[in-house]
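Hello,

Here is the structure I promised to pass on to you. Please open it first, and then read my notes below.

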Amino acid sequence: MPLRAPVALLTALILLCLAGCTDDSGDSGPAQEPAAPTVSVAPAAPDPETVADEVKRGARLSELPEEFLPAVPFVAQGNSLTDVQQSCVLSYLAVERETPCVLGDPEADREVVLWGDAHAAQWIAALERAGREQGWRVLVRTKYGCPPLLGVTPWLEAEERPYEECVEFNERTAEMLPDSEDDVVLLAGSPRGLALVVDGRPQPVGVPAQGQGWRSVPAQDRAYQEGLGASLEAAAERGPRTVVLGDTPYPGHDAQACLTANPGALGACAAPRKEAVLEGHNARLAKTARKQGASYVDPVPWFCTDRVCPAIVAERVVYRDGFTAGRLYVDYLTDVLGEAVGLMD
C-alpha cells in the first residue's frame, strides 16, 4: 500500500515524458534545438571609414554589449548562410549543380561571378544584396576546399587523394566566365589548411606558426600564386574586369564557444592581428593581381585594427565559426564591398 503513490507518480512521469518526446504520428525522436530567432536586415555600413571606426570600438569592448546579433546561443546558426545561399556552395565530391546558382537580380544585364572556396562563399550575402539593390546578376561558383586555381591540383585530405573534382570544377568555371568588359569576376580563396599535389603526394601551402598563427611554405605558395595567375589570365582573355579579394582573418577559436565562455572578457575572443592575418600571403596576392592587370581589394581593415581583430563589430558577431566571416557581418559590409569591387552606381 505505501508504494502506490510513488508508483503512480512514476507512471505519470513516464507518460508525460513519452508525450513530450513523441510527435503527432507517435514516432519518438531526438529533441529539436530551438530555431534561431528571425533577424531583420540591418542597414549596411555607408563607407570604409565608418567600418574602421566600428572596428576600433569593437576592439575596446570588454564585455558583451546589451544588444547584438545573433544572440550567443545562435551564433553558428544565425550567422550561417541561408538555405538558398548554402545551396550555391558545392560539396567536396560534387562537380556541378543541376542549374546555375544565380542570385541578386537574375534579369540584370550586368553579371558578377564569385569564384572560389569557402572564403569566397562567405561573401555571398553581401553580393546577393548588392546585386538585388544595384542591378547585378550574381553567378556563384564556389566549392569547399577549392580555391580558384587553374593548372594545380589540391589534395583531398578526407580521402587521401588528389582533389580531381576541384580541378574539373575550376576548369568548368573558367569556360563559363562572362565576356563583357561591363562584367566582373571576383576571385577569393584560403590557403590555410590547403595542400597541393606534388609528385603524387600532398605538400602543404603553409604550416602552423606562433600561437594561432600560420606561415606559408615558399615553394607551395608560389604554386598557389601561379594557379591564381592562370585563373586571372583565363578570365582576362574573355574580357570582364577581374578582382582578387584578399584573404580574411582567422579568429583562432570557435566564435560561439568563445563568447559563451567569456561574456565578461571579450578580449579573450579577439585575435591578435599578427596571428589572424596572413600578411605575407595577402601581399603576394596583391602582387599577382597587379601582374595580371587585375584589381586587388584588401578586406583586413574591415575586420582588424593595427593590433587586434575583435569578435564583435557594429553590434554584430564577426565570425560564424573559427574559419569564416558571419553572414550578418558580411551583410553589414555590402556597400563597402560593392564599392571596392566596382558594383555600386
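A cavity, in these notes, is a set of points on a 1 Å grid over the protein atoms alone where a 1.4 Å probe fits but cannot get out, and lining residues have an atom within 4 Å of a point. Grid points are joined across faces, edges and corners, and a volume is the space filled by probe spheres set on the points.

This is a predicted model, in which local features need pLDDT of at least 70 and side-chain atom pairs count only at pLDDT 80 or more, while totals for chains, interfaces and linings use all residues. Residues are numbered from 1 along each chain as its sequence is written, and side-chain values use heavy atoms, with hydrogens and water left out.

Now to the findings. Among the residues lining the largest cavity are Asn-79, Gln-86, Tyr-144 and Arg-320. Its lining divides into 6 nonpolar (Ala, Val, Leu, Ile, Met, Phe, Trp, Tyr, Cys and Pro), 4 polar (the others, Gly among them) and 2 charged residues (Asp, Glu, Lys and Arg).

The second largest cavity holds about 60 Å³ of space. Of its 13 lining residues, Glu-96, Arg-97, Cys-101, Val-140 and Arg-141 are the closest to its centre. By class, this lining has 8 nonpolar, 2 polar and 3 charged residues.

As for the whole protein, 48% of its 345 residues count as buried, meaning under 20% relative accessible area (1.4 Å probe, protein chains only).

Enjoy exploring!

Terms used: 1 Å grid on protein atoms, 1.4 Å probe; cavity = no way out; pocket = protein on both sides within 12 Å on 5 of 7 lines; lining within 4 Å. Buried < 20%, exposed > 50% of the residue type's maximum accessible area, 1.4 Å probe, protein only.
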